[in-house]
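Subject: Structure for you to look through

Dear colleague,

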Amino acid sequence: MKKSLALICLPAALLAAALPAQADVAVANRAISEADVLAAQKGWCQALLDIGAANAQGGQPAAKALAEKVIDAAYGYQMGPVLFKPTLTIAPQTFRTTRAGALSYFVGGDPAFPKDEGFALKGWTRCEVANSALFIAGDSASSQGHVSFTGKDGKVTTVDKTWSYVKDDAGKLRIVVHHSSLPYAPR
């Protein structure tokens, strides 16, 4: 017993030398960096524009096919429900915790969500993120700020946006919370 206690008290370098070598140790690092979050936000904006371009070139079916790929790559629906509250939704379908709900919000065409017109199909020409703050705690990260969308007519629509991220088992950043709303406008 004393011998093992002595090993625990040794400095890390000496302890490592005292233990047998391990070959090819698997390491899972789910730490998230600021660069990870900024890249995810930039990718989300670009994907939104790409879905709109797919719609302009190949119609709603082309936009839907691309949106499915984007949702599968960016969101964590394969991990469980995503807490997604899009900007332009109304009760009783305000929250989109399923992949089908998110897809309908972005491209419409789902009879289960009859009021969805397809946010990504509005012909946005620009999408920019302006973070107010990022909070990164090891294996999760959240951002809050504004996202501005420029329409074909040059009009800019700005929304308040909160995203939260985790990494999946493959180490890919996934959106697990997405809340968006129009800024408060006093009456």
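Strands S2 and S3 run antiparallel and are joined by eleven bridges, and within this pairing Asn-131 has Gly-145 in S3 as its bridge partner. Please keep in mind while reading that this is a predicted model.

The pairing continues on from S3, because that strand, residues 140-150, also pairs with S4, residues 156-167, in the antiparallel sense over eleven bridges, two bridges being enough for strands to count as paired. Here Gln-144 has Thr-162 in S4 as its bridge partner. The two strands form a hairpin with five residues between them, and in the turn Gly-154 has a positive phi of about 90 degrees. As a general point, most residues other than glycine have a negative phi. Gly-154 lies in the loop between S3 and S4, and the C-alpha atom of Gly-154 is separated by 9.3 Å from that of Arg-126, although the two residues are 28 apart along the chain.

Is Gly-154 buried, exposed or partly exposed? With a relative accessible area of 44%, Gly-154 is partly exposed, because that category covers the values between 20% and 50%.

S4 is in turn joined by eight bridges to S5, residues 173-181, and these two strands also run antiparallel. Val-166 stands opposite Arg-174 in S5, while Thr-162 has His-179 in S5 as its bridge partner.

The last pairing to look at is that of S1 with S5, which is in the parallel sense and extends over three bridges. In this pairing Lys-85 stands opposite His-179 in S5.

Taken together, the strands make an open sheet of five, in the order S1-S5-S4-S3-S2, with mixed pairing. Which strands lie at the edges? The edge strands are S1 and S2, residues 126-137, each of which pairs on one side only. From one strand to the next the twist averages 25 degrees. Helix H3 packs on this sheet, where it touches S2, S3, S4 and S5, and the direction of H3 makes about 145 degrees with that of S2.

H3, residues 34-74, also packs against helix H4, at an angle of about 55 degrees and with the two axes 13 Å apart. H3 is therefore oblique to H4. On the H3 side the residues that meet H4 include Trp-44, Leu-48, Ile-51 and Ile-71, and among those they meet in H4 are Leu-103, Phe-106 and Val-107. The residues of this contact divide into ten nonpolar, one polar and four charged.

One further detail concerns the peptide bond between Ala-91 and Pro-92, which is cis, with an omega of about 5 degrees. In general, most peptide bonds are trans. Pro-92 is found in the loop between S1, residues 83-85, and H4, residues 99-107.

Note on methods
Residues are numbered from 1 along each chain as its sequence is written. This is a predicted model: local features need pLDDT of at least 70, side-chain atom pairs count only at pLDDT 80 or more; totals for chains, interfaces and linings use all residues. Side-chain values use heavy atoms; hydrogens and water are left out. Helices (H or I, at least four residues) and strands (E, at least two) are DSSP runs, numbered from the N terminus. Buried means under 20% relative accessible area, exposed over 50%, partly exposed in between (1.4 Å probe, protein chains only). Axes are lines fitted to C-alpha atoms, for helices over the stretch in contact, and angles run from 0 to 180 degrees between N-to-C directions. Angles under 35 degrees count as roughly parallel, over 145 as roughly antiparallel, 65 to 115 as roughly perpendicular and the rest as oblique. Contact means heavy atoms within 4.5 Å. Ala, Val, Leu, Ile, Met, Phe, Trp, Tyr, Cys and Pro count as nonpolar, Asp, Glu, Lys and Arg as charged, and the others, Gly among them, as polar.
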